[in-house]
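Colleague: Please pick one part of this model and go through it closely. I want the packing and the contacts, with the cut-offs behind each term.

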Amino acid sequence: MVDRQRVGELFGQAIDMAPHERAGWLAAECAGDLALLGEVERLLRSDAAAQGFMEQPPALIADAAAIAAAPHAGDGSPRSFGAYRVVRSLGQGGMG
């Protein structure tokens, strides 16, 4: 079983290193523990694949922005949310 705390520690240190420096450092830190090495490398690959994912907002955020720009009822509230139509207000304020 892989020590999750150790994985987190190594990932936290490795993420701040230049990619070309990581391999040798990780090999030394994992000292032959292939499961530990594999888990840290998996996290590093996932992090690299996620780079720039917020450059384009997710569809839900893009939809919310479109709703905010859509025509509003007289009280300033949106008339619809996607396929749903606003019939009446249920409440107001932070707890409404």
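Modeller: Among contacts between residues at least 6 apart in sequence, 38% join residues at least 24 apart; contact means heavy atoms within 4.5 Å. The model is predicted, so local features need pLDDT of at least 70 and side-chain atom pairs pLDDT 80 or more, while totals for chains, interfaces and linings use all residues. Residues are numbered from 1 along each chain as its sequence is written, and side-chain values use heavy atoms, without hydrogens or water.

The protein has four helices and two strands. These are DSSP runs, numbered from the N terminus: H or I of at least four residues for helices, E of at least two for strands. The order along the sequence is α-α-α-α-β-β. Of the 96 residues in the protein, 16% are buried. Buried is under 20% relative accessible area, exposed is over 50%, and partly exposed lies in between (1.4 Å probe, protein chains only).

Start with α1, residues 4–14, and α2, residues 19–30. Their axes come within 11 Å and cross at roughly 155°. That makes α1 roughly antiparallel to α2. (Under 35 degrees is roughly parallel, over 145 roughly antiparallel, 65 to 115 roughly perpendicular, the rest oblique; axes are fitted to C-alpha atoms, for helices over the stretch in contact, with angles from 0 to 180 degrees between N-to-C directions.) The crossing of α1 and α2 is right-handed, meaning that the near helix is turned clockwise from the far one by less than a right angle.

Which residues in α1 and α2 meet? From α1 come R6, L10, Q13 and A14. From α2 come R22, W25, L26, E29 and C30. By class, this contact has five nonpolar, one polar and three charged residues. (Ala, Val, Leu, Ile, Met, Phe, Trp, Tyr, Cys and Pro are nonpolar; Asp, Glu, Lys and Arg are charged; the others, Gly among them, are polar.)

Now take R6 in α1. R6 is partly exposed, at 24% relative accessible area. Beyond residues up to four places away in sequence, R6 touches E29 and L36. The side chains of R6 and E29 form a polar contact of 3.0 Å. (That is a pair of N or O atoms within 3.5 Å; within protein, one must be able to donate a hydrogen and the other to accept it, and residues adjacent in sequence count only through side-chain atoms on both sides.) R6 and L36 are 30 residues apart along the chain, with 8.1 Å between their C-alpha atoms.

L36 also belongs to the contact of α2 with α3. There, R22, L26 and C30 in α2 meet L36, L37, V40, E41 and L44 in α3. This contact divides into six nonpolar, no polar and two charged residues. The axes of α2 and α3 come within 9 Å and cross at roughly 145°. That crossing is right-handed.

A31 sits in the loop between α2 and α3. Its phi is near 45°, a positive value in a residue other than glycine. A31 counts as exposed, at 64% relative accessibility.

Finally, E39 lies in α3, residues 34–49. Is E39 buried or exposed? At 14% relative accessibility, E39 counts as buried. Its side chain makes a polar contact of 2.8 Å with that of R4. Neighbours within four places in sequence aside, E39 is in contact with V2, R4 and V7.
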